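Please look over the sequence and the structure before reading the points.

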Amino acid sequence: MTTKVHWKRIDGSIGQTPKPRHGHRAITVKDLIIVFGGGNEGIVEDLNVYNCSTNQWFQPLMKGDIPTGCAAFGFATDGTKILVFGGMVEYGKYSADLWELNPLKWEWKKLKPRPPRTAPSPCARLGHTLTYAEGKFYLFAGLANDSKDPKQNIPRYLNDLYSLEFKGNICSWEQPIIRSTPPIERESHTTVYYRGQIENRPKLIVYGGMNGHRLGDLWSFHLDFSQWTQLTPSGLAPQPRSLHSAVVMSNRMYIFGGWIPLISSENNEKEWKCTNTLSAYNLETNSWELLGQECVDDNVPRARAGHCGVSVNTRMYIWSGRDGYRKAWNNQVRVLNSFVEITGFFFVGLL
């Protein structure tokens, strides 16, 4: 079956639209898209909320221990609390701080989690992922700076995995005992959670990233067995990439945008560019489906990296990002509807 993709650019939003940025993060709570941090000629520290039902942007009045701005951090929610971990707080200076935001009160609190029983706490990093799954938050990989001087960068790619669990008011880090070889070190990858419909096993799915060159590998981590498995899907795989977005809707993981190699030789990239291609990985059949070639249609998001992508109900939203080495740009929202039938206000969808 041929799949066609239709995007819709959302214009005429109410309220003050946030300034463009990249390296920000977004999560959803019901119909709200909550956007925090990022960079645009410096680290951005504001928190903005987009209401998908009313097409309205607003900035809540924040309370509590409000964190400084950061970029390329971990951002996740269990629906009642939102966590921020790590990220870049100044050029060359990375954080290992953990913050909690209550979205009902818009109140921040700095957390002091207990370290793992048999390992050190996660080091300061950026470009990692934080994913909520089965009652725990999972931190994976990223990039550390081993230099004591923030102005001197000694990069170290990571592939460590931590879980963070809350019991009452106490939260604790743990390192799962891994039963297999983990993925190679990386940053600027994506991680999503999925529970299989057929096998009914909870797992994390890691795709792509950067480790001196763009990565296009795909891994699953089964939470019940603490086991990594490299996946070998059928179908035409998308180009390796980093700084892309990934969301799960139904039984597919949708991959949009990012930096892809333009000229490469033996894993040595000479040049790279941003893309606006959209691919889908079928989580049940272990197969890739290419959904959209690069194009310049006005309703299709322009090529970008470092943007945010989230799903609300059955729609995928893309916001902001940067085009190659240019400054952050584009503060319009685009939406992709994953309904097979086109319904409602949005005319976009997969046919």
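Strands are DSSP runs of at least two residues, numbered from the N terminus. The model is predicted.

**The cavity**
- There is 1 cavity of 30 Å³ or more, and the largest cavity holds about 50 Å³ of space.
- Its lining consists of Ile33, Val35, Tyr50, Trp57, Cys308, Val310, Tyr317, Trp319 and Val333.
- At least two lining residues come from each of E3, strand E25 (308-312) and strand E26 (315-319).
- By type, the lining has 9 nonpolar residues, no polar and no charged ones.

**The nonpolar cores**
- The largest nonpolar core has 16 residues, and those touching the most other members are Ile34, Phe36, Leu47, Phe75, Val84 and Trp108.
- Strands E2 (25-29), E3 (32-36), E4 (47-51), E8 (82-90) and E9 (93-102) each give this core at least two residues.
- Leaving out residues up to four places away in sequence, Ile34 touches Arg25, Ala26, Ile27, Val29, Leu47, Asn48, Val49, Phe75, Ile82 and Trp106.
- A second, separate core has 14 residues, including Tyr50, Trp57, Val310 and Val333; these four residues are also named in the lining of the largest cavity.

**His244**
- His244 sits in the loop between strand E18 (227-230) and strand E19 (245-249).
- The relative accessible area of His244 is 7%, which is under 20%, so this residue counts as buried.
- Its side chain reaches the backbone oxygen of Tyr207 at 3.4 Å.
- Beyond its neighbours within four places in sequence, His244 contacts residues including Ser188, His189, Thr190, Phe256 and His307.

How values were computed:
Residues are numbered from 1 along each chain as its sequence is written. This is a predicted model: local features need pLDDT of at least 70, side-chain atom pairs count only at pLDDT 80 or more; totals for chains, interfaces and linings use all residues. Side-chain values use heavy atoms; hydrogens and water are left out. Helices (H or I, at least four residues) and strands (E, at least two) are DSSP runs, numbered from the N terminus. Buried means under 20% relative accessible area, exposed over 50%, partly exposed in between (1.4 Å probe, protein chains only). A polar contact is a pair of N or O atoms within 3.5 Å; within protein, one must be able to donate a hydrogen and the other to accept it, and residues adjacent in sequence count only if both atoms are side-chain atoms. Contact means heavy atoms within 4.5 Å. A nonpolar core is a set of buried Ala, Val, Leu, Ile, Met, Phe, Trp, Tyr and Cys residues joined through side-chain atoms within 4.5 Å. On a 1 Å grid over the protein atoms alone, a cavity is a set of points where a 1.4 Å probe fits but cannot get out, and a pocket is an open set with protein on both sides within 12 Å along at least five of seven lines; lining residues have an atom within 4 Å of a point. Grid points are joined across faces, edges and corners, and a volume is the space filled by probe spheres set on the points. Ala, Val, Leu, Ile, Met, Phe, Trp, Tyr, Cys and Pro count as nonpolar, Asp, Glu, Lys and Arg as charged, and the others, Gly among them, as polar.
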